[in-house]
Every structure is written in C-alpha cells, then in structure tokens.
Amino acid sequence: MSSQEKPEPKEEKSGPSTAGKIVKTLFLVSVWICLGLYLEITGPTQKDLKLRAHLDYEEVSRAMSGRSIGFFIGAAIGGFLVDKLDPYCDLMVAVCLDLGATATIVAPHAQEIALLWFLFVMQGTFEGIINIAGQKLVLEIWQEKASSPLFLLHFGFGIGSFIVPQIANPFLAIPKPTAAANFTSNVTTLHPISTTAAPVTEYIRESRIEWAYLIVALITMSLSLVFYFYQFCGKGMRNTQVGKTQKDKDEDHTNIRRIIDPATCAGGKRLFGIQVLGLLFLFFFVTTGGERVYGKFIRSFAIDYYNIDGDRASLLNSSFWISFAIGRFAGFVAAKWIPIRIILLIETTGAMTSAILLNIFADDSTLALWILTQPMAFFIAPCFPSGVGWGDFHIHLSGLGITFLLLGGALGGVCYMWIIGYFYEAYGPLSFFYVMLSYGIPLCTLAFIMHFSTWGKGHRFKDEEKKEEVVEVSGIQLKFYSKSDQEKSM
C-alpha cells in the first residue's frame with residue numbers, strides 16, 4: 001500500500017530573492033526619477049516654451065494638458081497590455097522610457113502649438129503605460145507588503161522633479177530688466193494681462209533649453225537598458241505566479257467581460273467593487289489635477305505676481321519638489337506603522353489646510369508663499385500612492401483596475417490645466433490660489449467619504465488568508481477519506 005502511494009509533488013516557489021526584490025525596486029524608483037525629470041521639466045521651462053512658440057498662458061497650459069490626454073490614452077491601453085502581456089512588463093517599461101525620451105528631445109524645437117501638444121500627448125501616453133506596468137511589478141514583488149514600496153516608488157518622482165529645475169536653470173532665458181507691470185494690485189480686474197504688449201526682445205542670456213531637454217532624455221534612455229536586461233537576460237527574476245491559486249492560473253486568459261467586471265477585483269462583491277473604484281476615480285481626478293497645477297505654475301506665478309527674478313523662482317520651484325519628495329518618503333516610512341486609511345485622512349486634511357492658508361496669507365507676502373509652499377508640497381505628494389495603497393487594501397488592483405484610477409487622474413489633469421490656463425490668462429496670477437482652493441476642499445471631502453463608506457468592510461489580504469486556510473483543511477479531509485476508501489477496498 002505504501003509502495004503504491006506516491007507523495008504529491010510540492011509546488012516549487014520561484015522568484016527573486018529578497019536582495020533581488022530590493023535591487024529591482026530601486027531600479028523602478030529610478031524609473032520614477034526619470035519620469036520626474038522629463039515630465040516636470042516643462043514647469044521651470046514654461047516661460048521659455050511660451051516665448052519660443054509665441055504662445056500665451058492659456059495656450060501653453062492647453063499644450064501641456066496634452067500630457068494628461070496622453071496619460072488617459074496610455075492608461076486605457078496599458079491595462080490591457082499589462083493583463084494580456086504580463087510577462088513583458090519589463091520590456092514595456094524599457095520601450096516607453098526610450099519613446100518618452102525621444103518626445104522630450106523634440107519638444108523644445110516645436111514652433112507650433114499643435115506639434116507641442118502632440119509631443120506632450122506622446123509623453124503622457126508612455127507615462128501611463130509605465131505607471132501601470134511599474135506599479136504592477138511592485139505589487140507583484142511585494143504583495144501585501146506593497147504599501148511602503150509604492151510610496152518609495154513615487155518618492156522617486158519627487159527626486160527627479162526637484163533636480164530638474166537646477167538642470168534647466170543654466171539654459172533658461174534671462175530678459176533685461178524692464179519696467180514690468182506689478183500685479184500686486186487690481187489682480188481681480190478682468191484681463192489684467194495685456195496680450196498685445198510688445199514682447200521683450202533683448203536678453204542677458206538667450207534661451208537654450210533644448211540642451212536641458214537633451215540631458216534629461218539621455219539619462220532616461222540610459223536607464224532603459226536595465227529593463228531590457230531584466231526582460232531578455234533576467235529569467236527567474238520575476239514570479240508571476242505568486243499569490244495565484246490553481247483556479248486563477250487556469251483562468252489567466254479569461255474573456256473580456258470577466259476582466260472588466262468590478263466583482264473580479266472585489267472577490268465577487270460587485271457593488272463594493274463599483275463603490276471603491278468609483279470613489280478612487282474621483283479621488284485621482286482631484287489629486288492629480290491639483291498636483292499638476294502647483295508643479296507647473298508655481299514658478300510662473302512667483303515671477304508674474306511678485307516680480308521675483310528667474311533664479312529665485314527656480315529655487316522656489318525646486319523647494320516645492322524637495323518638500324514633495326520628503327512627503328513621499330515620509331509616507332513610505334509612515335506606511336510601516338500607520339494604517340493607510342488614516343494616512344490618507346492626514347494627507348488630505350493637510351493639503352486642504354495649506355490651500356486655505358495660502359489664500360489668506362500668501363496673496364501679499366513672498367515669505368508666506370515660500371513657507372506655505374512647503375506643507376502644500378509635503379501633503380500633496382503622498383496622495384497618489386496612498387490612493388493606490390488604499391484601493392489595494394480593499395480590492396485586488398489588476399492592470400485594468402490601476403488603469404481605471406489613472407484614467408481619473410488623466411481627466412483631472414486635463415480639466416485642471418485648462419481651468420488654470422483660462423483663469424490665469426483672463427483674471428491674473430492670483431487665480432492660481434483660487435484653483436488650489438478648489439483642489440484642497442474636494443480632496444479632503446472625498447477622503448472622508450472614502451474612509452467612512454468603507455468602514456468595517458475588511459482587509460482583502462486577511463480575507464484571502466481565510467479562504468486559503470479553508471481550502472487547505474478541505475484538501476486534508478478529502479485525502480483522508482480517499483485513503484480510507486482504498487484501505488476498505490483492500
């Protein structure tokens with residue numbers, strides 16, 4: 001009897017070692033650093049792009065909104081690509097880094113708004129695919145411990161964003177001092193900015209921003225080589241089967257209806273899946289829109305409203321991104337000890353408070369602007385990864401699940417950039433503060449709705465552990481009774 005019985009082969013666990021996980025996570029953080037470099041270079045170079053293409057603020061902000069439209073496209077196709085071509089996530093990251101860098105090289109040479117808009121669309125498209133593929137890799141590597149690595153991933157974006165103003169600054173145009181209009185009064189008058197004023201034609205230093213764009217693009221292309229290596233030479237460095245049951249493996253190539261069903265992400269609870277994904281869509285709409293507005297317009301606002309010189313305005317822009325990076329790193333540390341649901345409430349309340357204080361104190365004080373920019377950046381920064389972590393806490397975020405969140409962020413980026421462009425051009429720089437107020441209040445409100453509407457709904461990883469325990473116990477029972485039947489027959 002014992003000779004006839006063969007022990008069932010144990011399923012070998014493949015995948016990277018802990019050191020391998022850490023190394024790959026660090027390379028993914030570097031990807032986000034490069035995203036910060038080539039996507040946020042438009043902030044410090046906004047006035048130069050405006051000058052070179054002969055655009056006003058409304059037009060240049062609409063051109064920049066192309067990034068959000070592209071992000072929408074990239075998020076839409078990226079989810080299907082990641083779910084259907086999961087083994088090629090590393091290749092997706094590498095190719096998109098190269099293509100995004102190529103669009104970056106061409107952008108400063110664009111003289112037409114249509115071409116500039118198209119290039120930003122391309123950048124956003126590749127950003128969307130990288131976001132889904134990269135975050136999918138992190139969730140796959142770390143599973144239920146992914147909250148802190150997600151913060152660390154997005155911390156990289158902050159690092160790249162505060163470095164890039166200093167890369168760009170030596171190449172920015174410096175106009176000769178003129179008797180420029182002072183916007184510290186009558187800022188609420190309709191059309192305070194004259195679009196027909198004679199342009200400044202004499203410069204202490206001409207614009208050479210194409211070199212800054214080239215430097216950023218070459219750094220990005222260099223990093224792509226690492227992910228080509230992971231794809232073609234790093235076999236065994238990924239474990240795409242982690243956390244999958246046999247049923248999941250058999251249903252990997254499932255039909256489109258099941259893929260887009262919210263119940264698939266929520267363990268069969270369709271209404272709960274719709275609720276979580278709907279709230280996250282709105283949350284990402286607001287948080288991405290506000291982040292884009294502040295990052296793109298803080299330098300121009302400081303120059304136009306307070307007549308701050310370009311170097312100091314670049315430092316202010318860098319200080320925003322330094323605090324932004326610190327905020328994401330603080331989120332990475334806090335996620336180890338504080339529940340993600342509480343972190344989200346702290347961040348959004350801080351962002352709303354900062355927006356209110358900016359409107360009260362910073363409209364007539366450069367010191368208040370410098371001081372309050374720091375908590376605004378600090379609290380804005382972790383909202384994006386916190387939203388992903390909050391969603392993954394409640395439901396399984398597949399490639400399409402992440403896509404849906406990024407679609408909300410893309411739409412928010414488009415709407416907020418068009419709004420700030422119109423109001424900034426029509427009503428003056430102070431409208432920048434009002435748009436940020438329209439970001440802070442809805443963001444905090446949504447976070448509290450998310451918190452209380454899902455109160456007591458459980459922890460998806462604990463639910464999965466319970467299901468696995470039941471399956472294991474049932475399997476033992478089945479094997480026991482099967483063995484008893486064999487013994488009886490003998």
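Predicted model: local features only at pLDDT ≥ 70, side-chain atom pairs only at ≥ 80, totals over all residues.

I started with N307, which counts as partly exposed at 38% relative accessibility. N307 sits in the loop between α12 and α13 (310–334). Its phi is near 55 degrees, a positive value in a residue other than glycine.

Next I checked H54, which also isn't a glycine and has a positive phi of about 55 degrees. I found H54 in the loop between α2 (46–52) and α3 (57–64). Buried or exposed? H54 is exposed, with a relative accessible area of 68%, and the cut-off for that label is over 50%.

Then I went back to α12 itself, residues 270–306, and looked at how it packs on α18, residues 431–453. The angle comes out at about 155 degrees and the axes are 9 Å apart. Over 145 degrees counts as roughly antiparallel, so that is what I wrote down for α12 against α18. I noted the crossing of these two helices as left-handed. What kinds of residues make up the contact of α12 with α18? I get 20 nonpolar and 4 polar, with no charged ones.

Last entry: α16, residues 383–394. Its 12 residues should span 16 Å at 1.5 Å a residue, and the end C-alpha atoms are 17 Å apart, so the two agree. I also looked at burial: 11 of the 12 residues are buried, so α16 is largely enclosed by the rest of the structure. Among the buried ones I jotted down C383, F384, W390, D392 and H394.

Note on methods. Residues numbered from 1 in each chain as written. Heavy atoms only, no water. Axes fitted to C-alpha atoms, helices over the stretch in contact; angles between N-to-C directions. Helix = DSSP H or I, 4+ residues; strand = E, 2+ residues; numbered from the N terminus. Parallel < 35°, antiparallel > 145°, perpendicular 65-115°, else oblique. Left-handed = near helix turned anticlockwise from the far one by under 90°. Nonpolar A, V, L, I, M, F, W, Y, C, P; charged D, E, K, R; others polar. Expected span 1.5 Å × (residues − 1). Buried < 20%, exposed > 50% of the residue type's maximum accessible area, 1.4 Å probe, protein only.
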